[in-house]
Amino acid sequence: MNNPENVKWTRGPAASAAWRYGLALVSVAAALGMASAFIYFHLPQTFGAFALSAIAVTFWYAGTAPGIFAAVLSSIVRDYLFNVHTSTESRILFDLVFLVFALLMTQVVRSRNELERRVAERTAELTRSNDNLKREIADRNQAEYLTGQVFECSPDAVLIIGTDYRYKRVNPVHARNWGRPAESMVGMHMAELVGAEFFEQRLRPFLDRCLAGESVRFEDWFDNARGHRFISATYSPLRSDSHEVEAALVIARDLTEHALSSEALRQAQADLAHTSRITTMGELTASLAHEVNQPITAAVMGASTCVRWLTRDEPDLGEACEAAQGAIRNAKRAAEIINRIRSILKKGESKRQLADVNELIREMIALLRSETNRYSVSVHTELDAGLPKIMADPVQVQQVVMNLIMNGVDAMKEVDQTRELTIRSRLSDDGQLTISVSDTGVGLPQKETGRIFDAFFTTKPHGIGMGLRISRSIVESHGGRLWATDNSPRGACFHFTLPVPTEAQE
Amino acid sequence: MSCNEERKIVAVVDDDDSVRGTLQALLRVAGFSSRAFESAEDFLGSGLQRETACLITDIRMPGMSGLELQARLNAERCRIPTIFITAHGDEEMRFRALRAGAVEFLPKPFDDDVLVESVRAALER
């Protein structure tokens with residue numbers, strides 16, 4: 001650092017020796033001049049005092065060597081110009097004084113130099129420290145600024161809630177959601193803003209878990225100043241340096257549009273499933289008619305039998321009654337089948353209810369019996385008794401069973417050997433209800449096995465290719481899986497699982 | 001192999017329980033004795049072909065169909081007068097059945113008098 005004020009122009013390697021020694025000469029000369037002047041004016045003063053000053057000045061401003069040179073010079077000047085008549089002892093004494101003084105000055109100068117060096121060092125250190133601190137402060141300010149930006153500019157509602165359930169800080173989005181300025185919410189208790197009941201029942205349980213140290217996420221429909229909104233919120237615990245939770249960071253995202261569009265998607269899927277059901281049922285019209293015809297035929301025969309018992313020469317009322325009752329039973333059976341068909345054709349909200357899967361399977365098998373008979377398919381069931389009931393939409397589950405049965409029948413149409421369709425239901429080890437439909441038909445396509453579940457993939461000449469796709473989406477929307485395996489010695493087997501409600505698993 | 005021993009029984013072959021049951025009840029009140037079979041295979045396996053005077057059978061069944069049963073019986077030279085009862089009364093099938101020797105082809109639900117008369121006629125052959 002070449003600060004011109006710091007570098008004494010008479011010191012350092014840059015200053016030329018000439019100046020320094022020149023200063024020695026000049027100061028001694030000045031001392032001489034002063035002494036002479038004093039003598040001239042008869043003022044009491046010795047050269048020695050002036051010489052010592054000159055030596056001091058030289059030491060201080062020019063350094064040790066010039067200072068010594070000044071001391072020697074002063075001694076010589078004193079000896080030859082001022083103390084001519086003094087004794088040798090006095091001269092030696094004076095020389096000694098100059099020597100001692102010179103030595104003292106050497107120490108003084110050395111100390112001063114050392115001091116200056118240390119001060120420079122310290123200054124440099126302090127400057128470095130200062131710079132580091134400034135950098136840290138700048139970094140910290142930057143970080144705080146960014147954090148503040150995140151807080152203020154986030155498109156999600158961001159807020160901090162203390163352990164006392166009061167708002168510590170809220171961002172503009174949250175303020176807007178509740179229709180109040182952000183400042184007005186600071187310090188407010190949550191219950192004051194959202195309502196005591198809402199707070200206690202819907203928010204507090206999650207908040208307490210968060211304040212106990214858990215990261216919580218939940219999503220649901222809420223009512224705020226913007227109306228009925230679907231909000232996905234996360235509560236994260238904020239810890240102090242002592243690692244205690246001192247606040248909860250809440251980030252809440254408005255997913256209303258997403259929820260509405262996924263609702264629309266669900267509706268579209270339901271519509272598609274419904275259309276598919278209708279189409280399939282349309283293909284089954286002849287068989288369904290036949291199926292209804294059976295109990296109607298039985299009812300007609302029962303009524304005819306009743307009439308015959310009554311019109312005999314010896315009427316038998318008991319037999320007639322029995323025949324009539326049989327007719328009633330069969331007529332009711334016919335009505336049940338019609339109702340079953342009607343509920344399958346109905347377009348409605350997907351209604352989940354507790355359902356007995358085996359019952360659903362049996363009903364569907366009965367409904368399709370004419371169709372399986374038409375192609376000489378024998379149907380076997382291995383339905384595990386005592387299966388738990390599941391939460392499902394019965395019509396949709398039957399649609400899946402219907403689809404798999406129809407596929408099995410189709411696969412066996414070209415096969416001349418025994419045509420067997422087997423339907424099994426059982427509870428697997430992992431608590432899932434598994435239904436399997438296997439056939440002895442042409443089997444799964446070798447090359448495109450994975451594609452059979454794709455939309456519009458079909459191996460049938462007049463197929464649309466949506467059946468398995470829809471079946472899979474129905475099964476998956478219930479939380480299950482649908483997959484296919486080969487059946488031995490030939491044919492295919494389709495399995496699907498439906499999860500059992502946890503209470504039932506216990 | 002000829003089946004010309006004394007035959008008295010009316011055999012009913014239908015996979016539907018209610019049809020079998022009510023048909024048997026109807027035949028009973030009409031004065032016939034009948035045996036019911038769940039499938040064509042059961043009937044053939046029963047060995048009662050020779051005692052069967054009349055066969056009433058559905059067409060569409062799992063396993064062997066009614067028409068196949070008729071063909072099998074014809075092949076065994078066991079000519080049993082056969083009445084078909086079926087909900088699938090299409091013309092082609094009716095023609096085939098009658099040409100193969102069926103006595104009657106009745107669509108379900110059928111008139112009980114027609115059935116009883118057909119059975120009676122078959123038994124008097």
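Two packed helices are described by the angle between their axes and the distance between the axes. Look at the handedness next: α9(A) passes α14(A) in a left-handed crossing.

Now show side chains. On α9(A), pick Ala273(A), Arg277(A) and Thr280(A). They meet Gln396(A), Gln399(A), Met402(A) and Met406(A) of α14(A). Colour this contact by class: three residues are nonpolar, three are polar and one is charged.

Next, colour chain A by pLDDT. Its mean is 87, and 95% of the residues of chain A reach 70 or more. Then select residues 1–5 of chain A, where the pLDDT is below 50. Beyond near neighbours in sequence, this stretch makes one contact in the model. Where pLDDT is low, the predicted coordinates should not be read in detail.

Move on to the contact between the chains. Select 25 residues from chain A and 20 from chain B. Which helix of chain B gives the largest share of the side that touches chain A? Select residues 17–29 of chain B: this is helix α1, and seven residues come from it. Finish by colouring that whole side of chain B by class. Ten residues are nonpolar, five are polar and five are charged.

Notes:
Residues numbered from 1 in each chain as written. Chains lettered and ligands numbered in written order. Predicted model: local features only at pLDDT ≥ 70, side-chain atom pairs only at ≥ 80, totals over all residues. Left-handed = near helix turned anticlockwise from the far one by under 90°. Helix = DSSP H or I, 4+ residues; strand = E, 2+ residues; numbered from the N terminus. Contact = placed C-beta atoms within 7 Å. Nonpolar A, V, L, I, M, F, W, Y, C, P; charged D, E, K, R; others polar. pLDDT = per-residue confidence, 0-100.
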